[in-house]
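Me: I would like to understand how the words used for a structure follow from their definitions. Could we go through a few of them together?

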Amino acid sequence: MIAIQGTIASFHHQAALDYFGKGIAILECRSFDAVVKAVLSGAAQYGLMAIENSIAGAILPNYALIDRNNLYIAGECYMNIQHHLMALPGQTLADIKEVHSHYMALLQCKDFFEDYPHIKLVEATNTAQAAKEIQQGQLKAVAAIASTSAAELYGLEILAQGIQTIKQNATRFVVLAPKDPYISKEGLNKATLKFQLYDQSGSLATVLNVLRDYQINMTKIQSLPVIETPWKYAFFVEGTFPDYQQYKEALRLLEVMSEDLKVLGEYQNNYK
């Protein structure tokens, strides 16, 4: 059982199929918090969660969710996201008064609607759910931003294709487990780490030098405030490495040079 935020035909659903294969069972969740609860309770073996988008950037609350609940990142997948505007058949763009979708989809498509000031953008729980509600309620003058799969499943007509601001629009998803599922580390070549820094000049540079010296190619660095300590920040770093043992040696040094070092996940780099 794989827990996803969203419904069948959502982008999370498509990402789960791409990663796990078409024979999987899906547990639909209304929120990312519900995905976390499903994984922690054992209702789902894994969860799938969007973590960043090439247009909108990192989904910061999801980093905090993973860290706070001690979930383990066991894998990742990337998907080219194409957003389409759809409504009940027989309508045109001029008929549409509201567009419903997930807030990230609305954000990624906001430039398209500058030419349609009469359209109100309304946040929904997810893209496919917005399409489903239009079909169930036979809502006229309302459109959804969703995938072609959602349009086909719910019998909607696509009014405009590929309306996202940047046509090359990719989202990265992470696979979440309640604990490290890997007995063997062979083939693992990417990690997500979290640490805090001592209040010393050059402390971040020292940590980055360790990553460089041990051939860890940093693919992302993100800071988030430490809620309990005002003006203190935790850093989330992701990087790939050619040799697992060399990476472990780097971790031993980082434990000395930083505070509260935590491995959020070790997995296979899936960027192609």
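Reply: We can begin with the second largest pocket, to whose lining strand 13 and strand 14 each supply at least two residues, a strand being a DSSP run of E with at least two residues, numbered from the N terminus. The model is a predicted one, in which local features need pLDDT of at least 70 and side-chain atom pairs count only at pLDDT 80 or more, while totals for chains, interfaces and linings use all residues. Residues are numbered from 1 along each chain as its sequence is written, and side-chain values use heavy atoms, with hydrogens and water left out.

Me: What makes the lining of the second largest pocket divide as it does into nonpolar, polar and charged residues?

Reply: Asp, Glu, Lys and Arg count as charged, Ala, Val, Leu, Ile, Met, Phe, Trp, Tyr, Cys and Pro as nonpolar, and the others, Gly among them, as polar. The lining includes Glu 52, Arg 172 and Tyr 78, and its residues divide into five charged, three polar and two nonpolar.

Me: Why is Ser 101 called buried?

Reply: Buried means under 20% relative accessible area (1.4 Å probe, protein chains only), with exposed over 50% and partly exposed in between. Ser 101 has a relative accessible area of 0%, and therefore it is buried. This residue is found in strand 7, which covers residues 98–101.

Me: Which residues is Ser 101 in contact with, leaving aside its neighbours within four places in sequence?

Reply: Contact means heavy atoms within 4.5 Å, and those partners are Leu 106, Val 122, Glu 123, Ala 124, Thr 127, Ala 130 and Ile 145. A polar atom of the Ser 101 side chain lies 2.8 Å from the backbone oxygen of Ile 145.

Key: Helix = DSSP H or I, 4+ residues; strand = E, 2+ residues; numbered from the N terminus. Polar contact = N/O pair within 3.5 Å; in protein donor to acceptor, adjacent residues only side chain to side chain. 1 Å grid on protein atoms, 1.4 Å probe; cavity = no way out; pocket = protein on both sides within 12 Å on 5 of 7 lines; lining within 4 Å.
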